[in-house]
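Open the model in your viewer and keep the selection panel at hand. The stops below follow one another, and each says what to select and what is there.

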Amino acid sequence: MTVVIAGAGPTGLTLAIELTRRGVPTRVLDKAATLFPGSRGKGLQPRTLEVFDDLGVIGAVLAAGESFPPMRLYRGADVVWEKPIYELLGLPELEPTPAVPYPYTWLIPQWRTDQILAARFAELGGTIEFDTEVTGFTQHDDGVTVHTNRGQIRADYLVGADGGRSTVRKVSGVEFLGGALTEERIVVGDVRAAGLEGRCCHLLTRDGDQARRFSLWNLPGSEHCQLVVTMAPGEDPPALTLESMQEVLEQRSGRRDITLSDLRWISLYRVNLLMAQHFRIGRVFLAGDAAHVHSPAGGQGVNTGVQDAHNLGWKLAAVIAGAPAELLDSYEAERLPVAAEVLQLSGALHRQGFGGTGPAPAAIHQLDIGYRGGPLAAGDPRMGTLQPGDRAPDGLLPDGRRLFDVFRGPHWTVLEFDCKTVDFGVPQVSLGPSPDYDVPVGAYVLVRPDGYIGAISTQANVIRERLHRLGGRRRPAGCAPDQCGCPA
């Protein structure tokens with residue numbers, strides 16, 4: 001049983017890791033010659049950091065990035081103010097807690113995220129097939145024939161993670177609805193900048209007008225900055241060259257003491273809000289930008305794609321291992337409403353800009369994303385504050401481990417709150433009362449492989465039924481804990 005993934009960005013690579021660590025043969029195809037070279041999606045939200053914890057790459061991600069630097073507004077060479085980004089967005093500053101170990105947005109250029117994920121995929125035995133473009137596909141009752149520039153591939157499933165101009169989506173015929181958020185266009189690229197001091201997001205202006213700024217973000221682990229220039233409606237975009245960017249910088253800032261060099265990557269785009277009307281078409285699935293395109297405001301795009309893949313991966317693997325095929329329908333049922341909400345949020349953040357009262361921090365951080373009332377949420381929702389479909393919080397255990405240490409890996413987990421221990425055939429932890437797990441004494445909490453609560457019940461048979469129906473089982477034979485991430 002083979003899964004073909006079109007696209008080797010964060011979405012495709014997350015899915016590839018999910019499937020490969022479960023023993024599912026996976027082929028990742030990308031039409032480019034190498035991994036994406038630019039910084040484009042540079043902010044990882046707290047929920048995505050939790051996903052990367054589960055995938056076994058959180059150490060590398062934290063080492064390669066840093067908390068978002070302050071924003072510094074200039075009027076010519078003078079600094080007008082310097083403020084943390086959460087203040088500009090109207091958000092409170094958050095601190096780590098036992099339930100939320102990664103409360104911050106993490107700055108890391110997309111090229112580095114891609115490298116880390118590709119290395120993890122390779123560690124698990126995977127290989128990215130570059131210079132291989134998916135040109136179409138043909139579905140059959142028992143599989144998919146994937147057409148590429150190098151020939152045909154027979155697969156059981158195809159996942160389009162091939163970006164906003166997705167060939168997989170276009171061939172599927174699924175409508176991609178929405179449009180441009182504004183008539184503005186944005187230039188973004190990676191460049192070296194000499195003449196600026198401090199690690200900041202430098203907002204360079206001539207007279208303090210932020211609408212006419214030239215932004216340079218220092219990037220961690222790199223000599224490059226990300227440049228961002230917004231072009232007003234009707235304004236002719238500059239040529240995408242180093243010389244042209246230098247001219248725009250001098251026009252907007254009035255400064256000649258800042259020198260740009262070594263333009264590594266550059267792009268011009270219009271902010272669109274678009275969403276596919278279906279994420280599943282038979283044996284074909286859409287994920288990431290292939291399924292939804294967002295404003296960059298609030299750093300939601302890459303994060304939503306990673307979480308699409310985290311949701312889909314365990315379900316594909318479970319069905320391939322024998323779970324009912326209907327489980328795959330829950331991917332669209334759970335993720336399409338999330339994508340719609342994220343589109344609305346990113347659009348609101350784009351219109352808001354810096355200043356004003358921002359949305360709830362959990363909305364930006366994606367910690368409140370959940371699937372209450374969805375097809376996989378079982379149990380009595382009146383049992384407590386925490387409900388089936390919610391994110392399973394982290395927590396500290398008496399032996400010094402975290403709950404995320406127990407959850408990490410491709411398995412299900414059962415938490416027992418002062419109840420009779422029953423062997424469910426999956427990792428289990430006995431707990432006492434917890435402020436982060438508001439559930440009745442005697443309750444079992446079933447945590448899905450993607451870290452969401454699948455069931456809460458005082459009846460062991462409810463938990464057993466969920467595990468049986470959805471493919472929960474012990475660690476696969478031959479699985480090495482240091483490779484797949486299962487607890488030893």
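Begin with helix α8, which lies across strands β1, β12 and β19 (284-286). Compare the direction of α8 with that of β12: the angle is about 175 degrees. This is a predicted model, and every stop on the tour should be read that way.

**The sheet under the helix**

Now select the strands themselves. In what order do the six strands of the open sheet run? The order is β8-β2-β1-β12-β19-β18, and the pairing is mixed. As background, the strands of a sheet pair through backbone hydrogen bonds, in either the parallel or the antiparallel sense.

Go to the edges next. Select residues 128-129 for β8 and 280-281 for β18. These are the edge strands, and each of them pairs on one side only.

To see one bridge pair, select Val28 together with Ile128, its partner in β8.

**A residue in α8**

Return to α8, residues 301-320, and select Asn303. Is Asn303 buried or exposed? Its relative accessibility is 0%, so Asn303 counts as buried. Show what surrounds this residue: apart from neighbours within four places in sequence, Asn303 is in contact with Gly43, Leu44, Gln45, Thr48 and Gln366.

Select Cys200 and Cys201 next.

Check the surroundings of both residues. Cys200 has 2% relative accessibility and therefore counts as buried. Cys201, at 0%, counts as buried too.

**Zooming out**

Finally, colour the protein by domain. The domain assignment gives domain 1 (3-66 + 101-179 + 274-365), domain 2 (180-271) and domain 3 (378-470). Where do the centres of domain 1 and domain 2 lie relative to each other? Taken over C-alpha atoms, they are 28 Å apart.

Note on methods
Residues numbered from 1 in each chain as written. Predicted model: local features only at pLDDT ≥ 70, side-chain atom pairs only at ≥ 80, totals over all residues. Heavy atoms only, no water. Domains from an automatic or database assignment. Helix = DSSP H or I, 4+ residues; strand = E, 2+ residues; numbered from the N terminus. Buried < 20%, exposed > 50% of the residue type's maximum accessible area, 1.4 Å probe, protein only. Contact = heavy atoms within 4.5 Å. Pairing = 2+ DSSP bridges. Axes fitted to C-alpha atoms, helices over the stretch in contact; angles between N-to-C directions.
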